[in-house]
Each structure stands twice: as structure tokens, then as C-alpha cells.
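The sequence and the structure are shown first.

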Amino acid sequence: MSLIKQVSADAAHAARTLAQLDESLKNTVLLDMARSLREKSYEIQSANLIDVHRATQDNLSPAMVDRLTLNQHRIEAMAQGIETIAALPDPVGRERFIGKRPNGLSISKMRVPLGVVCMIYEARPNVTADAGALCFKSGNAVILRGGKEALHTSQVIASILQAVLTAYGLPKALISVIPDPDRALMLELMQQREFIDVIIPRGGEGLINYVTENSSIPVIQHFKGVCHLYVDKDANQDIALDLLLNGKTQRTGVCNALEGLLVHKDIAPRFLPRVAKALAEHQVKINACPQAAAYFDACTYMAEEDFGQEYLDLEIAIRQVDSFEVATQHIAKFGSHHTEVICTDNELTAARFQRAVDASVVMVNASSRFSDGSELGLGAEIGIATTKLHAYGPMGLEALTTEKYLVSGTGQIRA
């Protein structure tokens, strides 16, 4: 049996044992995992230095290096995320009553784990801890296939989590790491539908496309994050500027950073000069439509077909729009179903925006940077689904379960 097949089979076997664990034990294990990450922080950072040094030598983009880098603050955030997961209600086994049929059959549904989740990701070592904890709490085994960029860090994090599992007499295969980033092994992994129930890729659009096109296992997709802020004619300008700067400059290399700014023509003469000054201070490169470009000393002119890019850098596309309808049409054409934001003091307009815009997260007067599992109370996220089967948006515990029917009778037979 090949390495990949053995890892997959072991994970499937381990998942059956995990499905029977009670919530109290799972929470105890998770809290020990969080404690161990803190205690082993030096080991994690030492391994991460190797990965970051190699990434720098390989000329990875600043955005990729930023995603790869772990410091004390980010390790603490990982540990706190696991503690939040432990504090959340366990969805496994939760029942809801559907109804009683005329023939006396009682129908309910129960939440159950998906089984074995395979994570394929690039320069995101925190995924190792997030996915391990989320899958454990939701009753799933997880197979982690990280890219070569984060290999050392991911292996150390996984070994810390596995040591905790072993201490409680649980199989290490509940959290497995593929030790070799060879793409041929990844291709073999994506064919293990006998053992793996779902694949969740996290990374660039090229990786997502490759997995989607080559997997024989269902894939939950997140292609890219082209997020917009629409500043309505009734917006509070101070709030709008804060949302823009936080969404664009606080951390550029993440999928919930702003990539587009839409400004209603009625507020543009007052608001865009402030935008020009603020973005210049942050050295943000401006790409703008001809109407918006008039407010900037230096910018690149954009034709309509040029919008919709994911910059992941200090760069943004700006468009002046004539109406609410034009703004939502722009988002429908160029958005990526990730996160869209409106700034307005008009409650009716805000409600219309949230109904009209097709995105996994639609915000009113709040930064796009809150489109994150930990910020939305999920503890962490295993990914952000921008397609709708079977999840949409940041995926926490409940998104890692499904429902089965429970039917109870008293001897009924079908005529």
C-alpha cells in the first residue's frame, strides 16, 4: 500500500473512533492543544524561520511571505482560536424535529461529521492548527497537505497536536500531515475517494483550479477575494475613510482585504479628495476610472474590463458610480462572492444592499477585515467557501458537519 493510501485509510479508521467521543473529552484535548502551542512557541518560530528564509530566497511575493510568517502574536492567536473552539457548542449529535407523518412516523435530523477532510494549502501554517482543532471538535479526521513553503512549520505544529492526541490514547491519524510536498503525491491524494469525503484547498487561484480540475473527491472552493467598499451618497465620510484604510492597508496579503472602492457621484466631490490624501500617505497605488481619476495626482486609468483584480498589495481600483444600481451591478460583475461592504446611514439602502448583493458575507458600516472565522465567533475557520455547496462563507464547526434523517415508527409498512 502506498504512503498516500495508507495515510488516507488510517484517517478514515481514526474518524470512526472520533465520532464516538463525548464533548467534554474533546474540549479537554483541545485546551491541552492550545496550552502545548504556547509552551512550544520557540520550536514553532524556529521552524518558521527556516520556511521564511527559504521563501525569501525563492523570491516569494511579500503577501505570501506575510501569510507564511508566524510570530509570538500569531501563535497566541492560534492558541486562543483553539480555546474558542473548545468553548463553542458541539454540533455533533444535535437533533431537530422535522415533524410527524399522518401514518405516525416521527422524522428528525441529526448533525453528523463529514468523515475525513483533506486540506490542501500553500503558505499558511496556521491552517494546520485551525484545521486540526476544527476537525477534531466536529468529529472529523483531517489530512493536511501543505505546500513546500510552510512544510517545516506545519510539521512542527502537527507534531505538537499529535503528541496531545497520543497522551489521551487517541490515534495520531486524526491529524495527519503529508511529509512530502511532491505534486504527484497530491494528485494521488485527490483520488482517494474511498477514504476522503471532502477536499478544501486554500491558496492562490492556480492551486484552487488545479485541485478542482483533478480531484475525484468533492471540492469546497474559494477562488479569490475581490472585496469592495461601496460608499453611498448617505455615507458618514469619517466612517467610510476608516473602513477604506482598515480594509486596504491593515494587512494587504489576505483575502478579506479591500481591492475595490465604489463611490456614489453625489458624495465623490467631497469624499474622493480625502481618499486621495489618505491613500497617498499610505503609498497606495491608485487605479481609477476617468471620473474618479480627476481627484488623484497620480493614477492608472482603468477601462471597465480592467476591474476585478485581486492585488494583495498596496493597490486598489476606484470607480465613481452614478447610482446604487450601478454599484451593485459592478459588484455582480467583478466581485468574487467573498465579502462586500456598504457604508451608509440610510437603513433602507443598507437593507437593500444586503439583499441584493450575492456574496458570502455582506457588511454594513464594518470593515471587510472582519470577514474571518475568528472575528465572526467561529473560533477559527477551515476556509471561506465562495461557492454554495454545501457551505457559503467562513466555515466553522457546523459547516464541517452534515445532517442525517432519523425516522422512528411503531411497525409501519408502506402500502
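A salt bridge is taken here as a side-chain nitrogen of Lys or Arg within 4 Å of a carboxyl oxygen of Asp or Glu. The model is predicted, so that local features need pLDDT of at least 70 and side-chain atom pairs count only at pLDDT 80 or more, whereas totals for chains, interfaces and linings use all residues. Residues are numbered from 1 along each chain as its sequence is written, and side-chain values use heavy atoms, with hydrogens and water left out.

**Domains and their interface**

The domain assignment (automatic or from a database) divides the chain into domain 1, residues 3-221 + 389-407, and domain 2, residues 227-370. Their C-alpha centres are 33 Å apart. Seven residues of domain 1 and 10 residues of domain 2 take part in the contact, where contact means heavy atoms within 4.5 Å.

The two domains bury about 650 Å² between them, and carbon and sulfur atoms give 47% of this area. Buried area is the accessible area (1.4 Å probe) that two parts lose on being put together, summed over both. On the side of domain 1, Ala63, Arg67 and Tyr392 supply 67% of the area buried against domain 2, more than any other three residues.

The interface of domain 1 and domain 2 contains one salt bridge by the rule. Asp66 and Arg251 form a salt bridge.

Helix H4 (62-68) and strand S15 (393-394) each supply at least two residues of the side of domain 1 that touches domain 2. The largest share, three residues, comes from H4. Helices (H or I, at least four residues) and strands (E, at least two) are DSSP runs, numbered from the N terminus.

**Salt bridges in the whole structure**

| Salt bridge | Closest N and O atoms |
|---|---|
| Asp66 and Arg251 | 2.8 Å apart |
| Arg35 and Asp32 | 3.3 Å apart |

Arg35 and Asp32 are separated by about one helical turn, because they are three residues apart in helix H2 (residues 23-39).
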